[in-house]
Amino acid sequence: MEIRPLAPAVGAIVDGVDLAHLADADLKQIIAAWDAHNALLFRGQSLDNDGFIAFARRFGELEHAPIMENGRTPVPGYPEIYVVSNVKGPDGKPIGSLGAGEAVWHTDMSYLDNPPDASMLFARELPPTGGDTWLAGMCAAYDGLPPDLAKAVAGKRIKHDGTFNSGGYKRAGVEVKDDPRESVGAYHPIVCAHPRTGRSALYLGRRRLAYVEGLSLDASEALLDALWAHATRPEYCFAHRWQVGDLLVWDNRATLHRRDPFDETARRIMHRTQIKGATAPIAA
Ligand SMILES: [Fe+2]
């Protein structure tokens, strides 16, 4: 097994390992790399649904997949697997979520009090181009905060909105409010301590309908704009171009991610699992 960084601020690739037959010693090295790099890429993996779930469980207890935009459970018999796809089934309805459009920068499900610690994507079918997944390292982004921004965020919390998903679709059963202070969501500290490593990380969630507690709306918008511009600077980012058999896992407590759009007439099928949040985000 060989582990190399993908980018300075986030991610490492783990070569020479078959995740369907993972030795305990290899898992130990993988978890150490996970703590150091906050995202890991494994290529050329052959995993069936059981194998994918078994590997995901090595990182912790799994969430059940959210109900999709069409109100269905994505993979019959595997409630832990969520399908991210633009493909339509025989009934003409999408087999998964998020379509083919851009998914804007976010961290998964931060509108919950106890968001998932990690998310795992496994590429089953891909378009010839497009659909790259971008990661941004929030430990490095915190470390690189200019002093005025560091001072402005100290001790503050953000309201993380739960009205829309990252593809811009409204979540089922949620009422749209224009004022972020009135919409559904959860408050979390802007600077969180990673529960495993103790490192400080920016925890931003998503930009749309976010609100910095205690500020006027205008002041909140200005601070959020400055924070997001900083956190997504190119030096903190890595763009992953997918191959079938890639498995990418990222730590929601220490990264943001987004997705490039792709040709809607092409097929893309990704399977996702999520590791339950062991704790609510902790202030640094
Ligand atoms: Fe996501």
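## The nonpolar core

The largest nonpolar core holds 65 residues, and the members that touch the most others are L40, A136, M138, L202, A231 and V249. This is a predicted model, so the description below is of a computed structure. In soluble globular proteins, nonpolar side chains tend to be buried together.

Leaving aside residues up to four places away in sequence, V249 touches A39, L40, F59, A118 and M120. L40 is itself among the core members with the most contacts to other members, and L40 also has a place in the sheet pairing, where A12 stands opposite L40 in β3.

## Overall build

The protein has five helices and 17 strands. Its radius of gyration is 18 Å, close to the 19 Å that the globule rule gives for 284 residues, so the protein is as compact as a globular protein of that length. The C-alpha trace spans about 50 × 45 × 30 Å along the principal axes.

How many of the residues count as buried? Of the 284 residues, 42% do.

## The eight-stranded sheet

Eight strands make up an open sheet, in the order β1-β2-β3-β15-β7-β17-β4-β5, with mixed pairing. At its edges are β1 (2-5) and β5 (97-98), each of which pairs on one side only. Strands of a sheet pair through backbone hydrogen bonds, either parallel or antiparallel.

On to the next pair: β2 and β3 pair in the parallel sense over three bridges.

## Helices on the sheet

Which strands does helix α1 lie across? Helix α1 (residues 24-37) lies across β1, β2 and β3 (39-42), and runs at about 130 degrees to β3. Helix α2 (residues 49-57) also packs on the sheet, where it touches β7 (118-125) and β17 (269-275); the direction of α2 makes about 35 degrees with that of β17.

A look at the side chains of α2 fits this picture. The buried residues of α2 are F52, F55 and A56. They cover an arc of only 100 degrees around the axis, which puts them on the same side of α2. The elements covering these buried residues include β7 and β17.

## The three-stranded sheet

A further open sheet has three strands in the order β10-β9-β13, and its pairing is antiparallel. Its edges are β10 (185-189) and β13 (211-212), each with a single partner strand, so one side of each is left without a neighbour in the sheet.

Strand β9 (residues 157-161) runs antiparallel to β13, and two bridges join them. In this pair, K159 stands opposite Y211 in β13.

## Two leucines with positive phi

Here is something to check in the backbone torsions. Most residues other than glycine have a negative phi, and most peptide bonds are trans. L98 has a positive phi near 85 degrees, and L209 has a positive phi of about 60 degrees, although L209 is not a glycine.

Where does L98 lie? L98 lies in strand β5, an edge strand of the eight-stranded sheet. Is L98 buried or exposed? With 23 C-beta neighbours inside 10 Å, L98 counts as buried.

L209 is placed in the loop between β12 (200-202) and β13. L209 is buried, with 23 other C-beta atoms within 10 Å. Not counting residues up to four places away in sequence, L209 touches D161, T163, P180 and S183. One of these, D161, falls within the residue range of β9, 157-161. As for a separation across the model, the C-alpha atoms of L209 and R124, which are 85 residues apart along the chain, are separated by 33 Å.

Key:
Residues are numbered from 1 along each chain as its sequence is written. This is a predicted model: local features need pLDDT of at least 70, side-chain atom pairs count only at pLDDT 80 or more; totals for chains, interfaces and linings use all residues. Helices (H or I, at least four residues) and strands (E, at least two) are DSSP runs, numbered from the N terminus. The radius of gyration is taken over C-alpha atoms; the globule rule is 2.2 Å times the number of residues to the power 0.38. A residue is buried if 20 or more other C-beta atoms lie within 10 Å of its own, exposed if 12 or fewer, and partly exposed in between; C-beta atoms are placed from the backbone. Two strands pair if DSSP finds at least two bridges between them. Two residues are in contact if their C-beta atoms, placed from the backbone, lie within 7 Å. Axes are lines fitted to C-alpha atoms, for helices over the stretch in contact, and angles run from 0 to 180 degrees between N-to-C directions. The arc is that of the directions from the helix axis to the C-beta atoms. A nonpolar core is a set of buried Ala, Val, Leu, Ile, Met, Phe, Trp, Tyr and Cys residues joined through C-beta atoms within 7 Å.
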